[in-house]
Amino acid sequence: MSTALNLSSSSFAANGYLVVRGFRNRTFCARVRSQIEEQLDPLLTPAEFEADVGYPGAPSNRESEGGATPRRLLSAYSRFSRLRGFSAAADVAEQLQALGINEPMLSQCHHNCVMTKHPGYSSATLWHQDVRYWSFDRPELVSMWLALGDETVANGALRVIPGSHLLSLDRGRLDAALFLRPEIEENKKLIREAVPVELEAGDVLFFHSRLFHAAGKNRTGTVKLSAVFTYHDRENRSIPDTRSAQYPSIPLL
Ligand SMILES: O=C(O)CCC(=O)C(=O)O
């Protein structure tokens with residue numbers, strides 16, 4: 001169990017993200033990685049492939065070179081016992097409460113995955129807000145990103161635009177898939193404010209569902225593994241008949 005909580009919510013409220021260093025130790029991360037590695041070769045399902053998302057740098061289809069590269073191992077809560085324990089742990093609940101999620105519920109519908117950013121065929125993720133495809137009463141969810149190894153710009157660490165969760169942008173600044181249109185002058189200015197979030201194994205990034213973020217390809221020779229879970233308040237319900245309501249959420253308290 002970690003004691004590395006950061007219970008100050010003011011920087012999260014202003015910036016839309018918070019890094020808590022050393023939330024878990026390297027031994028824990030190594031144990032989680034070994035559970036994950038057992039499911040990477042041969043690849044166990046459910047999984048999402050780089051070829052499925054069509055992001056820049058992704059193989060064009062599953063049959064092309066690199067087309068079998070996984071992007072995420074899905075349903076992490078139910079398939080990895082160590083991540084199940086971690087994602088619903090008391091200190092996670094306490095940290096989420098400090099960030100304004102009073103009665104945290106883990107969504108099984110969104111994230112709930114291990115991101116597997118492979119060398120060679122990983123893609124870049126353009127600037128987006130996660131909540132764009134999610135359906136809740138209020139767009140106020142928090143995701144928790146656990147680095148299972150070191151995350152650097154070279155292996156595709158996340159970049160975030162501090163404070164962008166507070167912006168309300170005209171629809172015209174986003175493309176058809178709701179990514180920021182990089183050719184627009186105002187967007188160029190916004191993107192210049194971005195900062196990389198470099199993490200060491202065991203560090204955790206909490207980020208608001210409206211925070212604009214992006215990530216590059218993995219340009220190193222080693223796969224980058226990160227576990228990601230999303231939480232909402234019990235009072236912030238998913239809209240019936242949407243993808244967000246497909247599976248029940250898990251109460252942490
Ligand atoms: O690691 C990446 O490529 C970015 C992932 C991401 O932003 C997301 O899944 O929302």
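Modeller: Let's go in at tryptophan 145, whose bridge partner in β12 is valine 228. That pair belongs to a run of six bridges holding β7 and β12 together in the antiparallel sense; two strands count as paired if DSSP finds at least two bridges between them. The names are DSSP runs numbered from the N terminus, with helices being H or I of at least four residues and strands being E of at least two. Before we go further, this is a predicted model, where local features need pLDDT of at least 70 and side-chain atom pairs count only at pLDDT 80 or more, while totals for chains, interfaces and linings use all residues. Residue numbers start from 1 along each chain as its sequence is written.

Back to β12, then. 10 of its 10 residues are buried, so β12 is largely enclosed by the rest of the structure. Buried here means that 20 or more other C-beta atoms, placed from the backbone, lie within 10 Å of the residue's own; 12 or fewer makes a residue exposed, and anything in between is partly exposed. Lys224, Ser226, Val228, Thr230 and His232 point one way from β12, while Leu225, Ala227, Phe229, Tyr231 and Asp233 point the other way.

Strands of a sheet pair through backbone hydrogen bonds, either parallel or antiparallel.

A helix comes in here too. The buried residues of α6 (90-98) are Val92, Gln95 and Leu96. They cover an arc of only 100° around the axis, which puts them on the same side of α6; the arc is that of the directions from the helix axis to the C-beta atoms. An α-helix has 3.6 residues a turn, so residues three or four places apart point the same way. Those buried residues of α6 pack against β12 (224-233), and also against β1 (17-20), α5 (81-87), β4 (104-106), β7 (142-147) and β10 (204-208). Contact means C-beta atoms, placed from the backbone, within 7 Å. After α6 comes glycine 100, with a positive phi near 105°.

Now follow lysine 117 to the ligand. Lys117 is part of the surrounding shell, together with Met115, Thr125, Asp130, Gly156, His213 and Ala215. The elements giving two or more residues to that shell are β5 (113-117) and β11 (213-215). A residue is near a molecule or strand if its C-beta atom, placed from the backbone, lies within 6 Å of it. By class, the shell has two nonpolar, three polar and two charged residues. For that count, Ala, Val, Leu, Ile, Met, Phe, Trp, Tyr, Cys and Pro are nonpolar, Asp, Glu, Lys and Arg are charged, and the others, Gly among them, are polar.

β8 (158-160) is joined to β9 by two bridges, and valine 160 stands opposite valine 195.

Stepping back, the protein chain has seven helices and 13 strands, and 41% of its 253 residues count as buried.

Definitions and conventions. Contact = placed C-beta atoms within 7 Å.
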